[in-house]
Amino acid sequence: MHDRRAQSRSTAFFATAAMLTALVILVTQVPFMTGPRAALRGALAPLEGAATAGEGAVAGAASVFGDIATLRGENRRLAQENARLRAQVAQLQAAGAENDSLRRSLDFERSFGHHMVTAAVIGRGPDAFTRSLTIDRGAAEGVRAGMVVVTGSGLVGRVREAGPHSATVQTVADPLIRINAYLVKSNLEGTVSGGSGPLRMEVLPRPDATARVGEWALTSGLGASYPRGIPVGQVTRYDRNDAATSSVAELAWATDLAGVDEVQVITDFQPQ
Amino acid sequence: MTFKAALLLLAAALLQVTLVGRLDPAVPAPNLVLALCAGRALTGGARSGMVWALVGGALLDLAGAVGPLGVHALAMLGATYAVGVVAAAFESTRPGVAALAGALAGAVYGGTILLGADTLGLARVSPAAALPLLAGGAVMAGALAALATALMRGRTPLEVAPTWR
């Protein structure tokens, strides 16, 4: 009897708390609550920044005792990849194709031609479905919702909310993301869909062209959602289907979202 | 809820959005806050667990989630209530029961986040992509809940039968 009363009290507590929480969700999703919501989220940003700095210090100390052989192997792999990327840059120059965005390892802002604000990543979204980033720059530093976010490697995503001194970025891992892109060598166009696995590009086929593994996909600028020329990913697989209206290519992300520590927010491009 | 408990939840939330966020997205990520709330519900009663869930979920909402506030709090609340249901049904906090309760909590949490994201237009995940994430999350939550319960049980009388306190 006592337990049944306690059970019904707990159920009542759950129902009341759930209704109040649902009310908070409804109230905070209306458009005029975007500013206060972003400001509230910014309240934890200093702690996130401190936690990220602490994590970096611990990782730095632990790396002293890391496996030297593993690090040497990784260094060799990165050196080979760097050489491959440099060769690719040379090919694009020779072909006269758009290559400014592929000078990212040298001087991204100068070659890309947009004004950018550099921000540190101080947190990551807590769930596996929306995959967001929190950065330590906000409205006070010129960051606004909708602005495009990149790294030296390529596209990261778009600012979703901007508080006074922090902002939340919706990344390309978010399944809602859609990016108009084109393949550099074959000049095929299509739309890239976000997701936690490989990016998926629906390619508009042409009889005279086919995508190749290793080919880079860059933003096309169509629809004016993203500036043209930002690397999105590299083709790892292409399933050509002449009977369908589009073929599908899988892309490896240009940017490793799990490892990115610093991003650039493009502040002089207004998406449509 | 004590100040120490609030600090513990804050530390777990900060670790969740910094260290845990760096893990390979192909691997189910541990949810530290969910594990703590499930452990509290199993050792301290369902209502106590739900209070922890509201605080922990609110911290996750503030610490970098997108969209309206409260989605993670609601998901955590439902997950912890589910823990209370399992615990009262078995009247035990043995590791097997804790793991089962944690797994159910993980599934409820992930399902609520997915449903909320879809309803609020935050994300649309296909079933083929969602199911492995949900299943992996549930397994991870079950393991962590069992661990959290074992650690927390040392601070409460061993033979306390879980009730709807």
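Six salt bridges turn up over all chains, where a salt bridge is a side-chain nitrogen of Lys or Arg within 4 Å of a carboxyl oxygen of Asp or Glu. This is a predicted model, where local features need pLDDT of at least 70 and side-chain atom pairs count only at pLDDT 80 or more, while totals for chains, interfaces and linings use all residues. Residues are numbered from 1 along each chain as its sequence is written, chains are lettered from A and ligands numbered from 1 in the order in which they are written, and side-chain values use heavy atoms, leaving out hydrogens and water.

**Salt bridges in chain A**

- Let's start with Glu161(A), which forms a salt bridge with Arg37(A), the closest N and O atoms being 2.5 Å apart.
- Glu161(A) sits in strand β4 (residues 155–162) of chain A and Arg37(A) in helix α2 of chain A, so this pair ties together parts that are 124 residues apart in sequence. Helices (H or I, at least four residues) and strands (E, at least two) are DSSP runs, numbered from the N terminus.
- Glu161(A) also meets Arg41(A) in a salt bridge, at 2.9 Å from N to O. Arg41(A) is in helix α2 of chain A too, so this pair with Glu161(A) in strand β4 ties together parts that are 120 residues apart in sequence.
- How buried is Glu161(A)? Its relative accessibility is 2%, so Glu161(A) counts as buried; that word means under 20% relative accessible area, with exposed being over 50% and partly exposed in between (1.4 Å probe, protein chains only).
- Arg37(A) is buried as well, at 8% relative accessible area, and Arg41(A) counts as buried at 4%.
- Another salt bridge joins the side chains of Glu202(A) and Arg200(A), with 3.9 Å from N to O. Here Glu202(A) is partly exposed at 35% relative accessible area, and Arg200(A) is partly exposed at 41%.
- As background, side chains of opposite charge can pair when their charged atoms come close.

**The buried side of helix α2**

- Helix α2 (residues 34–42) of chain A has Arg37(A), Ala38(A), Arg41(A) and Gly42(A) buried.
- Why are these residues on the same side of α2(A)? They cover an arc of only 140° around the axis, which puts them there; the arc is that of the directions from the helix axis to the C-beta atoms.

**The barrel**

- Chain A has a closed barrel of six strands, running β1-β2-β5-β4-β3-β12 with antiparallel pairing. Two strands pair if DSSP finds at least two bridges between them.
- Ignoring direction, neighbouring strands of this sheet are turned by 45° against each other on average. Axes are lines fitted to C-alpha atoms, for helices over the stretch in contact, and angles run from 0 to 180 degrees between N-to-C directions.
- Strand β1 (residues 116–124) of chain A is joined to β2(A) by three bridges, and the two run antiparallel. Val121(A) has Ile135(A) as its bridge partner in β2(A).
- On to the next pairing: four bridges join β2(A) to strand β5 (residues 167–171) of chain A, again antiparallel, with Leu133(A) opposite Val169(A) in β5(A).
- Which way do the residues of strand β2 (residues 132–135) of chain A point? Ser132(A) and Thr134(A) go one way, Leu133(A) and Ile135(A) the other way, and all are buried.
- Strand β3 (residues 148–150) and strand β12 (residues 262–266) of chain A run antiparallel, joined by two bridges. Val150(A) has Gln264(A) as its bridge partner in β12(A).

**Rings**

- The whole structure has one aromatic pair over all chains. Rings of Phe, Tyr and Trp (its six-membered ring) pair if their centres lie within 6.5 Å; planes under 30 degrees apart count as stacked, over 60 as edge-to-face and the rest as tilted.
- The rings of Phe14(A) and Tyr81(B) have centres 4.3 Å apart and planes at 15°, so the pair is stacked.
- Phe14(A) lies in helix α1 (residues 2–28) of chain A and Tyr81(B) in helix α4 (residues 71–90) of chain B, so the pair joins two chains.
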